[in-house]
Amino acid sequence: MLLEISELKKTYTQGNQTIEALKGVSLTIDRGEFVAIMGPSGSGKSTLLHLIGGLDRATSGKVLINQQNLTLLSDPELSRFRRLKLGFIFQFFNLLPTLTALENTALPLLLDDQKLSQVEPRAKALLEQLGLKGRLDHTPDQLSGGEMQRVAIARALVSDPLLILADEPTGNLDSKTGLAILELLSKMVRDQGHTVIMVTHDPKAAEHGTRLIKIRDGAVEEDRRRA
Amino acid sequence: MRNLLTYVGFRHLRRKPLRTLLTTLGIAFGVALYLGIRLINESVLNSFQDTIESITGKAKLTVSAGDAGFPEERLEIIRKIKGVKHAVPMVESRAYFVGSLHDGAEKPAETMMILGVDLLQEQSVRTYKTTDEQVIDDPLVFLNQPDSIILTHTFAKAHGLKIDSVFELATSHGKRSFTVRGLLSPEGPAKAYGGAIAIMDIDGARVSFGKEGKTDRIDIVPTEGESPDDLSVRIKSTLGPGYFAERPESQSESMERMVKSFQVMIRFFSTLALLVGVFLVANSVSVSVAERRREIGTLRALGATQKGILALFLGEAACLGFLGSLAGIFMGRALASVLVQFVTRSLTAQLLQKVEVSKIDFTLTSALIGVLVGTLAAFIAAVIPSFRATRIHPVEAMKRTEAAVSQNSRLTRYTPHIGFFLLSFMIVTVITGLDLRFPGLQLINQGASMIGAALLGPALVVRLIRLNMQLYRKFFGVIKTIPRLAQDNLLRSPARTASNITSLMFGLLLVIMIAVVNHSFRTSIEIWLDRTFKADFLVSSNGQITSYQVQPLDESVGFELGKIPGVRTGLNGSAYAVRYIHLQYQGKQIGLKAFDAPDPKLGYFTYDLADQKPEKAVPLLYMGNEPTVMISTNFAAHFNKKTGDFLDVETPSGIIHPKIVAILTDFASPQGVLYIDREQYKKYWKDPLVSAFGVYAQPGVSPDTIRKEIDSRFGATRNIIARSNKEVKISLMSAINQSFTYTRAIEAAALIVGLMGLLNTLLISVMERTRELGTLRAVGMSKAQLIRMILTEATLLGALGAVAATFFGSLIAYLWMTHSLTHTLGWVVNFYFPWSAILSTLLLGVVVSGFAGLYPAWKAAQIPISEALDYE
Ligand SMILES: Nc1ncnc2c1ncn2[C@@H]1O[C@H](COP(=O)(O)OP(=O)(O)O)[C@@H](O)[C@H]1O
Ligand SMILES: [Mg+2]
């Protein structure tokens, strides 16, 4: 068992109003799964993903990744965990505009104080695998949307993480490019044994997953494994 | 339009409380310094006027002949002039209050003005009221006791004195006791000098203050219908050259002229602080416009007019300006009362003449001017960005505008060019001397150079960041991730980065320029002093000898000193005497130093000659028959004179035409100094008093034994003290430092405004990058790393800003010192570069920017990552 979530709750308070974004979600996810999370807008998908990724603190409940309880980690520990054990892919790619594709890819390791010369071969290899051989020294503004997202995927993979978290990774791409990205993710899971949790509102995208979790009003409505 | 402001504008101000506060405070500080200096300048002038008017009383003209006074027989001549109704003599002397006999411990010298008056004649010009509302009615009683003195109630109270109390004053014969016979309420002359005056009988004052047979001024009431101007002409033609017959207004005018250039300079500095405030407002309005593009588009789509949008932003700015100015006038009032003593101390040190202000005049007009200036400044600052807001199309409402803030307007892109132009303009006009021909240009140049440097400097900062990165890469290879990200961000939008540092740049420029001027003055004077002042002791009455604020001594003291065993005397058997007085030359106040003839065996080091050999020129000063003079370098520059020329100098004995025998360095007066043989001085000025004696030990005699002897002979009984060579140098240097004290306040204010500007822009830059910062955090940057990154950005800006400021600041200061200083402030001073100041400026840049970065860094670390990722 790679990920274990139990009774995870998140409430936001805005003024005197409280919003229960997650109302006690429990889940387990195994290594090698490609989980697609679907649900209407505002149902709590992103919140769930952020809590799994240690980007936010839960109101109550536990998130265990590889037996490690994220809720107990301090900020430096949690940051270290994120850069070495987790990979993130965002809807808007979120590449650093001043860094080259190569540097963007290496960023998590660079933040871990590793030398660029040490991590360069791995970052290069990843980018080449993803078909960006000629783009290593390009900055994001010189790349297309699909290329940017592939750099983001390379960044997510660079530390060989336990878990890759993607929030609407195809939401900002045309359908053809989106499809290519989804196939890439599938391949990573199938061929390299990575684990991916992907939030999407596109049923077609969700079909790429090996498991579909539907969320509504902050609770799991349906959890179904594909045969 | 009003609705727009109420529902949109003010709400925005409230939604960004910190930015609103910083901008308001920026204006407040600017207004405070502007107004504070204005109040001080006004108060200095008003106190000149008050003092002159309250002492002049009903008189319409005052006859005087400078510091040394004139023979008392002139009174009879004046009384006979047609049109003179009353002519009342007075002896004026600044005396040093030693303290009450009963307090035991001696306090540091405090000065008061002694007015020696003829009480029998006084009523015709001045009225004195005693505290019990009685006009002094029995002058005869007063006259019969020569130790009688009348104090003001204010002064007496401050020093714990009552009627019949006995206290001591330093006189030209040393300490003397006086008895308080009356107390004046603060009216008429008793208002002058903040109450630090005392009334004595004129003959008593003459004896006590070495003015036997002399009068310092005669106040004249003309007969009915007589025009004071006509009368003045008649009096002057009767008395001849060397005499002035002035109306009270023109007396204060000549005081005003003396302080004018100094006042213009500090007003310029204070206007700079306001300018930084203007810049802050301009910056925060542009940011606000950029942030609100979508909102403006929406408003336009919903039917707001361009005029409405313009009014919205101008209204917001004017509102901030108004609030800031309101705060600023109170801060300015407070600043003025703190700063006034430093400013007057500086003036005193520069003019070698006591300048004091008894109260700060805070009028409604000043307050209104403060509010007006601040509001207008904010309004003007907002004009360009507000116009930019009106050009936003309704379509913007539909666009997802990312990083709109980073868009450069045409103006920001050409900022360095404008700066370059302004600086070049200044450099060209200064080097070609064009600015000396058109005085207006000097003022323009002061502004042009500062603004130019503040606009061009930041562009240099950006270059330096780039250079820094390149050099680092070249020598150390890959840059560490955090500094790399920090520098990347600074270089991402050079124009933005440049504008972020502009406000701090102003502050740092001021710091470095003041450091250069301060250091050059210090070093020039120090070198000059080391060269010229070699006496073992300087003996004078207690007071501030470095600014000649001492009670002049009787000549006989010199012979007494000469009798001390081991003291080297001049040819006449006296210790070497110098007399310093102020003199009018072509309507300007200059200094006159009269020295005893030097002993050729000792050497001529006292005369720091610039164009002649001392062995040749100095003896020419002491030839004995016709008077000759030496002139200081600044005198030569101001009056365009050289060795061999003749001067027309007015003395109480008529006009003399001394030949100039040499030009020398001297820093006693901004407009220039004349050196003359003291024998000639005595002959023409009829003044045997001495300001100080230089005492040299004979070879083989220990200076310590001489000092002990001087102390035992004069110290306790006569209030005459000997300062060692080293003590004099130290106290002169500290007087110079003190005269720069007020600049600290200006620097501090400019740096604070700069800090607020940087804080403001850093906050904005953090906020703009929220999503990116969220990403960095998501991929594993810790809070500590994030804080480090933002602090690196801030301090790098500060440090390189300091480097750029050092470059431009010293360039401007160099040009100013070498080309304009003599014409503005009067001095001829060499340029010395303050190497040590570079380090402190660098440190200041880092510290100030570090401070400015703390809050934005902390704030950035607090943003929840998940929210940051969602941030648009
Ligand atoms: N920072 C926040 N503050 C307040 N409410 C929030 C915040 N983030 C999310 N929410 C609320 O929590 C609920 C779930 O949001 P989210 O997880 O973003 O939904 P989804 O990603 O499924 O669209 C929504 O009602 C949203 O308004
Ligand atoms: Mg979402």
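Let's start at ligand 1: one of its nitrogen atoms sits 3.5 Å from a side-chain N or O atom of A:Y12. That is a polar contact, meaning a pair of N or O atoms within 3.5 Å. A quick note on the source: this is a predicted model, where local features need pLDDT of at least 70 and side-chain atom pairs count only at pLDDT 80 or more. Residues are numbered from 1 along each chain, and side-chain values use heavy atoms, without hydrogens and water.

Back to the ligand. An oxygen atom of ligand 1 lies 3.0 Å from a backbone N or O atom of A:G44. For A:T47, a polar side-chain atom is 2.5 Å from a ligand oxygen. The protein covers 72% of the 550 Å² of accessible area that ligand 1 has on its own (Shrake-Rupley method, 1.4 Å probe).

Now the shell. Of 13 residues around the ligand, A:G42, A:G44, A:K45, A:S46 and A:T47 come nearest; a shell residue has a heavy atom within 4 Å. Chains A and B both contribute residues, so the site is shared between chains. Helix α1(A) gives the most, 3 residues (helices are DSSP runs of H or I, at least four residues).

Next, the cores. The largest nonpolar core has 153 residues, and B:Y607, B:M630 and B:Y675 touch the most other members. Such a core joins buried Ala, Val, Leu, Ile, Met, Phe, Trp, Tyr and Cys residues through side-chain atoms within 4.5 Å; buried means under 20% relative accessible area, with a 1.4 Å probe and protein chains only. Helix α17 of chain B, residues 494–532, gives the most to this core: 18 residues. Apart from that core lies another, of 43 residues, including A:I89 and A:L127.

Methods:
Chains are lettered from A and ligands numbered from 1 in the order in which they are written. Buried means under 20% relative accessible area, exposed over 50%, partly exposed in between (1.4 Å probe, protein chains only). Helices (H or I, at least four residues) and strands (E, at least two) are DSSP runs, numbered from the N terminus. A polar contact is a pair of N or O atoms within 3.5 Å; within protein, one must be able to donate a hydrogen and the other to accept it, and residues adjacent in sequence count only if both atoms are side-chain atoms.
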